Each structure stands twice: as structure tokens, then as C-alpha cells.
Amino acid sequence: MSDHGVLGQATTYPTRYDPRLLHPIARREAREAAGIPAPAPFRGQDIWNAYELSWLDANGRPRVALAEIVVPADSANIVESKSFKLYLNSFNQTRIGDSERLRQTMVRDLSEACGGDVTVTLMPATAGHAFPIDILNGEVIDDLPLEIADYGPPNPSYLGVTGDHQISEALVSHVFRSNCPVTNQPDWASIQVRYLGRRIDREGLLRYLVSYRTHNGFHENCIERVFMDILARCRPLQLSVYGRFTRRGGLDINPYRCTEGMGMPGNIRLIRQ
């Protein structure tokens, strides 16, 4: 079982920059437990948005910014989110200089921790275009008239297709909930499933997503499991699964997984984020 670092432990917030605070967790372990082969049959990325980033400039003046961090899904590791927060807070009383130096420092540290090429974009807090509120396109399935009594563990047997004709569509649910595997705190998300293939049974998909309600798993692992289960049970020609999780500790995490031939998503911000 992986060491989860500072997650679930009482910690003291750092006052000086320290890249050693970042705690990587190998993707391999969770993927092997879920039966995901190597190399994984998907592409994608994890989009992190940081809303509480501050540092001192060369004159000691506090500066603030918003940050978008994109981690490729084929990187060796994820970074545990509490350690990420502590790392970002370690800049608070550190004289870094201008925002470009800070960005380059973050790219270096996060790429090393993740074992992949991480990109970092910093935006001023006054930027009106940063993280605009939008919606996930698709048909919302949350109000289907059905009785639900299964809240876990995740049950892929609900997934299936109806009819023989191929269609292209997007389905959305805003009721997804899973739980942190260490603290058991609830994690809330909106999920978008886009596919080309036989029509996915909407009632079955909703029942399946609700069956994560008591499941313990990191955001990235949950989205990969949803992707793999739909791929195996519904056999679409193309598939993407996008999870937009609500913010915790000034960070939101938004994993996206897709088959070859599908593009990367925009970094929109939902109303709950």
C-alpha cells in the first residue's frame, strides 16, 4: 500500500520554499489494482487549478496569482493534494522575484515529482478571463425517474447499451461523489461522458455513477475506473470521461481520460468550483 505522506496527519504550514514537501504517489499501483494494463489504453491529463498562490517579489511585496497546472496522464506519478497545498504555501514568505521565475520553479519541481512534463500557467488575480464559469455540454441524466438503493461499491454490471445504431453524444451527471481513501472526506464532481458507439443505457449509467457514493479512491483513480468500465461494458468506438471535482484547500483537480483521436478538454470552471 502506498505511503500517503502528510494526508490525514496534523501538519505545520511551512514558511519557506521547500520542494521536498511534494509527495508523489505512483500511478502504477492503483492501475494494477483496477486491472488496467500497461501501457494504459487511454490518453489524457489531470488539470489542477490553484486559487491560493502567493509569494514575495524582489522587494518583499506579496504577490498573488491563479495557476493552472496540467499533468499528463502518462506521467509516472500523481502528487498527493495536501502535500501540493503545503508546497504552494511554502512560497508565501519566500522572495522569488517575478511570476516567470515562480512559474519556472514550479514546472521544474512538479515535473520531477510527477515523472513527466508538467505545464504551469500563471494568471493575475485581476484577469477577467481566468477560469470562466461555464457548463459541461451534454444531456443531464440526474433526473431520470428511477429508484436507486445501491451506493457502493462501484458496480459496472449496471452499464450496457441499447439498440444497434451508432450515435455520438455527451451525457452529464452532477451527483457524483466518492471519498478520500485516507481521510474519508467526500469528494464531489460533475462527470461528462462523451462517446461514439451504440447508445449507452442512461439509467444504467446513472446507477453506476451513484454506486461510487461510498467508494474510497483518489480523483484520478476514480475517473480511470469509470473510463475502463464503460470501455469494457459498452465498447464504444471513441470515449472520453471528464471529471470536474469541487475545490478543497484552494485546489481543484480535474482528470480527463480518452481514447486515441479525441482532443484534450478546455479548462472551464463549473458553478460549484
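Tyr242 stands opposite Tyr256 of strand β10. Strands β9 (residues 238–245) and β10 (residues 251–258) are antiparallel partners, joined over 3 bridges; two strands count as paired if DSSP finds at least two bridges between them. Strands (E, at least two residues) and helices (H or I, at least four) are DSSP runs numbered from the N terminus. The model is predicted: local features need pLDDT of at least 70, side-chain atom pairs count only at pLDDT 80 or more, and totals for chains, interfaces and linings use all residues. Residues are numbered from 1 along each chain as its sequence is written, and side-chain values use heavy atoms, without hydrogens and water.

The open sheet has 8 strands with mixed pairing, in the order β5-β3-β2-β10-β9-β8-β7-β6. Its edge strands, β5 (119–124) and β6 (139–140), each pair on one side only.

UniProt, in an unreviewed entry, places the feature "binding site" at Ser81, Lys82, Arg248 and Gly249; such annotations may be inferred rather than shown by experiment. These residues span 169 residues in sequence, yet no two of their C-alpha atoms are more than 9.3 Å apart, so they gather at one spot.

Lys82 belongs to helix α2 (residues 81–89), whereas Arg248 is in the loop between β9 and β10. Lys82 is partly exposed, at 22% relative accessible area, and Arg248 is partly exposed at 36% (buried is under 20%, exposed over 50%, partly exposed in between; 1.4 Å probe, protein chains only). Beyond its neighbours within four places in sequence, Arg248 is in contact (heavy atoms within 4.5 Å) with Cys180, Gln185, Pro186 and Asp187. The Arg248 side chain reaches the backbone oxygen of Pro186 at 2.6 Å.

Conventions
A polar contact is a pair of N or O atoms within 3.5 Å; within protein, one must be able to donate a hydrogen and the other to accept it, and residues adjacent in sequence count only if both atoms are side-chain atoms.
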